[in-house]
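Let's take a look at the disulfides in this one. Here are the sequence and the structure.

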Amino acid sequence: QHPGLAFDFGQFTRCVPIPRHMGICQDVGYSEMRLPNYLGQSSLETQVVPHSERWRPLLETGCHPQARVFLCSLLAPICLDTFIQPCRSLCAAVRDGCAPVLACQGQAWPDVLDCDRFPGHDDMCGCPVPLKDECLPRATCQDCPATEEFPSLKSTMDAICLNDFAVKAKLARRRFASTETEFEVEGRLEFVRQGPLLLYDTRTMLEQWLLINPHCAQALVRPGRAQLYLVTGRVRPDGTLALALLFPWHKKDVNLVAASRKWKHHQC
């Protein structure tokens with residue numbers, strides 16, 4: 001038995017189809033899994049599937065592009081003639097990306113996923129797939145940004161000048177928590193200052209920021225009621241996205257409207 005893993009490599013195992021309702025492990029490149037899995041779970045309905053759903057909120061943050069592959073290699077290991085565990089390097093890469101997100105949410109990286117427990121590259125193991133680095137900004141854990149109600153025209157223009165981007169976005173929170181994402185960005189995004197952001201990627205990044213920083217998100221938007229904001233922020237040297245100052249966009253706020261119009265011809 002591998003130290004720390006609740007799995008005996010000498011025990012009898014069987015192959016079963018990955019259940020359709022085990023959503024996080026669909027489309028992973030194979031359709032049959034081994035039971036018991038590498039966490040020692042032998043019941044699909046009472047252990048494996050419920051456990052897999054507990055990881056969904058973390059995966060929705062996009063904390064690491066290989067997180068789903070890593071978790072499914074343990075929860076729903078591929079059924080081959082030999083046992084294939086995830087490599088230590090894959091575990092370490094996912095841990096380095098996702099442990100800070102768990103910490104931001106008040107949780108520790110689980111002991112059962114201690115990366116020293118997984119084989120190195122000299123042994124047979126599942127390695128991470130090399131990914132193309134597109135240098136896109138990514139959301140991260142941060143102190144909650146300030147908000148300013150009914151700002152002056154000058155303070156709004158200063159905030160846009162001092163930051164890399166400013167985007168008009170409607171933040172929403174579902175009234176009742178479910179297995180789906182609790183926070184989301186509704187409707188169309190409108191850039192005042194685009195900076196290094198990409199239009200098609202910004203919605204995802206903002207939603208990931210809300211999921212990674214739920215204590216901040218809960219203060220920004222009430223359940224069942226969306227709030228429109230002018231969101232300003234910057235991209236740090238390490239490629240992480242940091243929100244700086246948010247302005248609630250009220251219909252009667254003439255200064256925000258004026259700032260968004262004047263910016264096109266403004267010089268900081």
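## Cys161–Cys268

The sulfur atoms of Cys161 and Cys268 sit 2.0 Å apart and form a disulfide in this predicted model. The link bridges distant parts of the chain: Cys161 belongs to helix 5 (residues 153–162), while Cys268 is found in the segment after helix 8 (254–262), 107 residues apart. The torsion about the S-S bond is -85°, which makes the link of Cys161 and Cys268 left-handed.

Is Cys268 buried or exposed? With a relative accessible area of 66%, Cys268 is exposed, because anything over 50% counts that way.

## Cys25–Cys72

Cys25 pairs up with Cys72, S to S 2.1 Å. About the S-S bond of Cys25 and Cys72 the torsion is about -100°, so we have a left-handed disulfide.

As for solvent, Cys25 counts as buried at 1% relative accessibility, and Cys72 is buried with a relative accessible area of 1%.

## Cys91–Cys115

Another disulfide runs from Cys91 to Cys115, S to S 2.1 Å. Cys91 lies in helix 4 (residues 88–104) and Cys115 in the loop between helix 4 and strand 4 (125–126), so the pair ties together parts 24 residues apart in sequence. The link of Cys91 and Cys115 is left-handed, with -75° about the S-S bond. Both of these cysteines, Cys91 and Cys115, are buried.

How many disulfides does the structure hold? There are seven.

Key:
Residues are numbered from 1 along each chain as its sequence is written. This is a predicted model: local features need pLDDT of at least 70, side-chain atom pairs count only at pLDDT 80 or more; totals for chains, interfaces and linings use all residues. Side-chain values use heavy atoms; hydrogens and water are left out. A disulfide is a pair of cysteine sulfur atoms within 2.5 Å. Buried means under 20% relative accessible area, exposed over 50%, partly exposed in between (1.4 Å probe, protein chains only). Helices (H or I, at least four residues) and strands (E, at least two) are DSSP runs, numbered from the N terminus.
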